[in-house]
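Dear colleague,

Please find the structure below for your records.

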Amino acid sequence: MGVAVPLPRTTKATDPKLFIIRVGNFDLTECTFADTMKVGTMINDILMREDDQMVICGMILIIDLKGVSAGHLMQFEMGLLRKIAIMNQDASPLRMQGIHILNPPAGAQAVLNIFNGLLSEKNQHKRIFIHGRELETLHQHFPPELLPEEYGGTLESIDNIVKQWQNRLIENRLYLLEMASMSSNKTISPPAMP
């Protein structure tokens, strides 16, 4: 918990929702990248159910690579990355409006190039901004009132926002279990149209 964090506000109701993804925050001894993706998917399920803004306007990711180690990068298996790309561009109704990358370590560009190659041509041309370690360029895109204090913003700390999301996941436990129990039977053909 605390890797994918939806931020509570946007400037306008027609703006995409902002997410901070703190890749280096998942503990390799306690979970896998696939586990963190599952939590992120559950958060997206709740938001799609409760927040029309995200469904209609899409989302922007701020990916913070601070603390990413070689162990984290080894979690990015090609098969899993391919499934994530397919899920996000073909199976999810959410529209990615942009990606902003902070604190990229050496070698991160190679991983980004591989992942970009898995995306559809349409999504490869979405705006991707690499900000390095400077928050000033991030603030040119997002004013401080939209960002947590750790990112030079005036919102509460990201840890407080994470605690609020932990509570929301607990409150939505039955719904999430119901969603997880659903499956499809690919051997059954859809009924013929009259």
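A residue is called buried when its relative accessible area is under 20%, exposed when it is over 50%, and partly exposed in between (1.4 Å probe, protein chains only). By that criterion, buried residues account for 38% of the 194 residues in the protein. The model is predicted: local features need pLDDT of at least 70, side-chain atom pairs count only at pLDDT 80 or more, and totals for chains, interfaces and linings use all residues. Residues are numbered from 1 along each chain as its sequence is written, and side-chain values use heavy atoms, with hydrogens and water left out.

The protein contains nine helices and five strands, taken as DSSP runs (helices H or I, at least four residues; strands E, at least two) and numbered from the N terminus. Their order from the N terminus is β-β-α-α-β-α-α-β-α-α-β-α-α-α.

Two salt bridges were found in the whole structure, each defined as a side-chain nitrogen of Lys or Arg within 4 Å of a carboxyl oxygen of Asp or Glu.

Lysine 17 pairs with aspartate 51, with 3.1 Å between the closest N and O atoms. Lysine 17 lies in strand E2 (residues 17–22) and aspartate 51 in the loop between helix H1 (33–50) and helix H2 (52–57), 34 residues apart. Lysine 17 is buried at 8% relative accessibility, and aspartate 51 is buried at 13%.

Glutamate 50 pairs with arginine 168, the closest N and O atoms being 2.2 Å apart. This pair joins helix H1 to helix H8 (residues 158–171) across 118 residues. Glutamate 50 is partly exposed at 44%, as is arginine 168 at 26%.

Yours sincerely
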